[in-house]
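Let's read a protein model together, one feature at a time.

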Amino acid sequence: MDDLVIIDDAEVEEIRSALETDDLPSAVGRIKEYLDQQDRVELNIAVTGESGSGKSTFINAFRGIGDEEKDSAKTGVVETTKEPTAYSHSKYQNVKLWDLPGIGTPNFKADEYLKQVQFQRYDFFIINAADRFREYHAQLAAEIVIMNKTFYFVRSKIDANIYAEQRKKTFNKEKTLEAIRADCIKGLEEIGLSNPSVFLISSFDLALYDFNRLEETMERELPQHKRHVLMLALPNITLEINERKKKSLHSNIWKLALLSAGVAALPIPILNATASISVDVTILVLELRRYYKAFGLDPESLERLSERSGRSVDELKSRLKSPLSKEISRDVVINLLKSSTGFALEAAAEYWLGLIPIVGSLASGSLSFATVYYMLHKCLNELAEDAKNVLMVALETPV
Ligand SMILES: Nc1nc2c(ncn2[C@@H]2O[C@H](COP(=O)(O)OP(=O)(O)O)[C@@H](O)[C@H]2O)c(=O)[nH]1
Ligand SMILES: [Mg+2]
C-alpha cells in the first residue's frame, strides 16, 4: 500500500467513501470519471542545464529515440535551443518533455530565466549538469524550490568522466562515481536542501548508472502511473470495505441459524451426514437476498452496473464464483444445503453444542444450526470476493 502515497489522500478518500456509501454502480461511475480525468492530465517536464550539458540528447534517449530521427530534439556541439520546445513521449502521449534554453551564460539570473521559460507550465524540472557542480546550478535549484516546484538533478555524460579517469593508474570506478555524486549532493546541501535527488546518467547508454532509478522516480509522477496504482490499490480498498460489510452481516448469522433450526420445517438430507436437517428455507432465501443487495450483486444492481461500465450483464456475471449468481430461490438454497458436507458439520455441531447448549434442545438440533451457520458464512465470503472481482471488471477499459 506504500505506493498509495502517490495519489493524494483526498483522492483515495473520495474513492473509498464512494465505495462505502454509494451503491456499486454509482461508485463505479465516479471512479471511472476519476480515471478518465487522470488519462487526460498532461505532465510537463522541463529539462534544463547549461548549453552542451546533454539536455537534448537526454530527451531523445528518454523518449526512446535516436538523435537523428524526424522529430528528435536537435543535438550537437553548438547551442540549438533558444525557446522552450516540447517533445511528447512516445509511450505516453500526454507526457511532454521541454527542451529549455541553456543556463549559465555570463549574466545568468535564475529568477529571470525561470520567468522567461514560463516555469509555471512545468510539473517538475530536470537540471542537467555535465561537469562540476557550479554556482548557477545552486542558484537555479534554489529558485525552483522557491517557486514551489520540484527538481531532479541529473549529472550527465558519466561515460565521458569514466573514460577520462580510466587513464589514471589508481582508477576505481565505484570511487569515481561516488566522488561525482558527493560533489553534487554537497553543492545542493549547501543551499539548504536535505536529501537531494541526484542521478548519474549517460544518455549514450541508459542501462548504466542511475537511469533506472531516475525513471522509476519520475514514473511516480505520470498520470498513467497514478491510474495504474489506483487500479492496484482498489482491490485492497474494496476488500477492506467488504470486510466491514461482511462483519456487520456476519453478526446476524448465529441468530438466523438459531431461528431456522428452531422451527422444525423442511427436512433436508445433507451429504455424508447420518441425519437430515430441518431448516426454514424462507429465512435463508431472504437473508441471502439481503447479502446480494449489500454487495451490489442483485439483478437490478448488476443491470445498472452494466449501464455504467459498458460491460454486459453476462460479462459481469461471468466473474461471479458464488453458486447463487443466478437467482436466489428456494431450490437453489436447498441444493446448497444438501451439498454441505455433513462430516465436518457434525464436528462443528458438537462444537456449537459445547458453546451454546441450547442449540441441542432446538427442534432440529445442533446439526441444523451448524449447517445453516456454515452455509451463510461461506456465501458471505464468496460474495465479498465476487463483489471485488466484479468491480475490477467494471473498471477495466473494454477491449
Ligand atoms: N559522452 C557523452 N556525450 C554526450 C552525452 N549526452 C550528450 N552528449 C554530447 O554532448 C553534446 C551536447 O549535447 P546536447 O544534447 O546537444 O546538449 P544540450 O545543448 O544541452 O542540448 C553532443 O555532442 C552530444 O552528443 C552523454 O551522455 N555522454
Ligand atoms: Mg539542445
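Q: What should I know before I start?

A: This is a predicted model, in which local features need pLDDT of at least 70 and side-chain atom pairs count only at pLDDT 80 or more, while totals for chains, interfaces and linings use all residues. Residues are numbered from 1 along each chain as its sequence is written, chains are lettered from A and ligands numbered from 1 in the order in which they are written, and side-chain values use heavy atoms, leaving out hydrogens and water.

Q: How many helices and strands are in the protein chain?

A: Helices (H or I, at least four residues) and strands (E, at least two) are DSSP runs, numbered from the N terminus. Here the protein chain has 16 helices and eight strands. Of its 399 residues, 49% are buried, where buried means under 20% relative accessible area, exposed over 50%, and partly exposed in between (1.4 Å probe, protein chains only).

Q: How do I read a helix, say α7?

A: An α-helix has 3.6 residues a turn, so residues three or four places apart point the same way. Helix α7 covers residues 173-190, and its 18 residues reach 26 Å from first C-alpha to last. That is close to the expected 26 Å, the expected span being 1.5 Å times one less than the number of residues.

Q: Which residues of α7 are buried?

A: They are T176, L177, I180, R181, C184, G187 and L188.

Q: What covers the buried residues of α7?

A: The cover includes α5, β5, α6, β6 and α8, judged by contact, meaning heavy atoms within 4.5 Å. At the start of α7, a side-chain oxygen of N172 comes to within 3.0 Å of the backbone nitrogen of E174. After α7 comes G192, with a positive phi near 95 degrees.

Q: How many residues does the largest nonpolar core have?

A: A nonpolar core is a set of buried Ala, Val, Leu, Ile, Met, Phe, Trp, Tyr and Cys residues joined through side-chain atoms within 4.5 Å. The largest one has 55 residues, and L19, L234, L297, V333, M375 and L376 have the most contacts inside it. Helix α16 gives the largest share of this core, 17 residues. Apart from it lies another core of 31 residues, among them V117, F119, Y136 and A138.

Q: Which residues are closest to ligand 1?

A: A residue is near a molecule or strand if one of its heavy atoms lies within 4 Å of it. Ligand 1 is surrounded by 16 residues, the closest being G52, K55, S56, T57 and D159. An N or O atom in the side chain of T57 is 2.5 Å from a ligand oxygen, and a backbone N or O atom of K55 lies 2.8 Å from a ligand oxygen.

Q: Is Y122 buried or exposed?

A: Y122 is buried, with a relative accessible area of 0%, in the loop between α4 and β4. Leaving aside neighbours within four places in sequence, Y122 contacts residues including P84, W98, L100 and K149. Its side chain reaches the backbone oxygen of V117 at 2.8 Å.

Conventions
Polar contact = N/O pair within 3.5 Å; in protein donor to acceptor, adjacent residues only side chain to side chain.
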